Amino acid sequence: MNHDGSSALFKSTVILLVVSVVAIALNLVFSHSLHFEPLGLFSFGLFCIAYGTAITSRSRRKEAQAVAVSSSQPKEPTNGRPAIVRDGVPRKCLFDSSLRPCHALTIDLEDYFHTEVASQGVSFAQWEHQPSRIEASTHRLLELLDRNQTRATFFVLGWVAQRYPRLVREIHQRGHEIGCHSLDHQLVCRMTKAEFCETTATAKSLIEAIIQEPILGYRAPCFSITPGCEWAFDALAKLGFSYDSSVHPVHHPLYGNPAAPRGAYAVADNQLMEFPIATWKVAGRNLSVGGGAYLRLLPYRYIHCGLAAWEKEMQTPAMIYLHPWELDPYQPHIPLSFPSTVRQTWGTTLMEDKLQRLLTQFRFAPVRDTYQAILAGNGYVARKSTFQHVEAVAQVAG
Ligand SMILES: [Zn+2]
């Protein structure tokens with residue numbers, strides 16, 4: 001290595017070291033001692049970015065060396081795409097989205113005042129009187145998905161389905177999958193099994209009556225199928241669901257289950273498949289890279305590094321989630337504490353740009369397609385075939 005290269009490497013190492021130490025210190029002081037989650041999350045994100053940047057630059061250096069070594073060897077046709085060649089064998093290029101595996105993109109269809117954070121300022125009884133933003137923010141999201149030829153799964157809140165059936169029907173007619181996000185956003189772990197079965201059955205039949213089709217998937221509010229509430233898996237299987245996505249394998253005071261598997265796994269005597277939210281394992285600890293507040297509050301680079309690491313390590317699709325209200329910077333004011341305000345409203349102006357980058361650099365499909373691919377032993381499914389399938393169905397229906 002020449003002098004310039006050594007100097008650059010030394011400077012990068014010092015910067016990464018300083019950023020990491022500051023980030024860890026901030027996290028220890030603010031996140032654990034004072035429970036000031038947004039700053040703790042931000043500092044932890046800085047550490048992850050430093051870690052991810054180091055891994056990515058090492059990977060790029062190795063790929064550049066491999067390309068240089070193979071330049072004298074005969075080349076395979078690449079159809080205009082950059083091909084990485086190691087030992088004479090073409091490999092997938094990490095940053096070419098057309099060659100990436102396909103992940104599951106999911107939207108929890110709820111308004112800004114339905115969240116657990118907002119419940120500190122808006123009670124269930126006040127929901128009816130709160131100005132709604134759901135139609136505007138959902139249409140903004142639908143247009144973004146259309147521009148990127150991406151289809152997703154929308155887990156619909158029963159309360160929303162009752163009041164906005166036309167919106168639910170439109171989402172379905174635009175080729176997206178419809179699932180269930182409970183009846184009125186009560187956490188599973190705060191209900192009895194009987195209450196859970198009754199409210200979930202009501203929400204399921206409400207939504208199915210609107211789209212005239214059985215629904216396959218369920219997501220609990222706040223990923224609240226936590227340890228001790230596994231009975232909910234059996235209940236969901238008995239209610240006719242095929243898959244669930246209500247486990248978040250991270251440390252979190254409200255919904256974490258860090259001991260859960262990171263990839264898709266079978267539950268309820270193989271009657272139900274669980275798709276946990278995507279995580280990035282760093283130094284033995286699971287960090288969420290599954291979207292939502294993590295995508296909105298942390299730099300995009302953090303999510304990108306986490307998903308790139310997932311693709312290298314895991315054999316099943318990553319599960320990504322977000323909410324329409326996260327793209328809405330004009331949410332009406334709700335009186336909340338400062339940390340809750342940060343969690344509920346910060347980052348909404350940047351969210352559309354971040355989502356656009358995510359959709360450009362990674363490939364996504366509704367959960368039903370990734371689920372079918374896993375059942376078929378394929379693991380991943382191509383976005384193109386999903387999109388063409390949806391278009392063909394729409395043409396037949398039209
Ligand atoms: Zn929700």
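Is Cys180 buried or exposed? Select Cys180 to begin: its relative accessible area is 0%, and buried means under 20%, so Cys180 is buried. Keep in mind throughout that this is a predicted model.

**The zinc ion**

Select the zinc ion next, then show its protein donors: Glu110 through OE, and His181 and His185 through NE2. These donors lie 2.0 to 2.1 Å from the zinc ion. Along the chain, their spacing reads E-x70-H-x3-H.

His181 has a relative accessibility of 1%, so it counts as buried. His185, at 8% relative accessibility, also counts as buried.

Move on to Cys189. At 33% relative accessibility, Cys189 counts as partly exposed. A search for disulfides across the whole structure returns 0. A disulfide pair would need sulfur atoms within 2.5 Å.

**Helices H9 and H11**

For the last stop, select residues 300-313, which form helix H9, and residues 348-361, which form helix H11. The two axes come within 10 Å and cross at roughly 25°. Angles under 35 degrees count as roughly parallel, and H9 and H11 are therefore roughly parallel to each other. The crossing of H9 past H11 is right-handed.

Which residues of H9 meet H11? Show the side chains of Tyr300, Ile303, His304 and Leu307 in H9. Facing them from H11 are the residues they meet: Lys354, Arg357, Leu358 and Gln361.

Key
Residues are numbered from 1 along each chain as its sequence is written. This is a predicted model: local features need pLDDT of at least 70, side-chain atom pairs count only at pLDDT 80 or more; totals for chains, interfaces and linings use all residues. Side-chain values use heavy atoms; hydrogens and water are left out. Donors are N, O and S atoms within 2.8 Å of the metal (3.2 Å for Na, K and Ca); water is not among the atoms, so sites may look incomplete. Buried means under 20% relative accessible area, exposed over 50%, partly exposed in between (1.4 Å probe, protein chains only). Axes are lines fitted to C-alpha atoms, for helices over the stretch in contact, and angles run from 0 to 180 degrees between N-to-C directions. Helices (H or I, at least four residues) and strands (E, at least two) are DSSP runs, numbered from the N terminus. Angles under 35 degrees count as roughly parallel, over 145 as roughly antiparallel, 65 to 115 as roughly perpendicular and the rest as oblique. A crossing is left-handed if the near helix is turned anticlockwise from the far one by less than a right angle, and right-handed if clockwise. Contact means heavy atoms within 4.5 Å.
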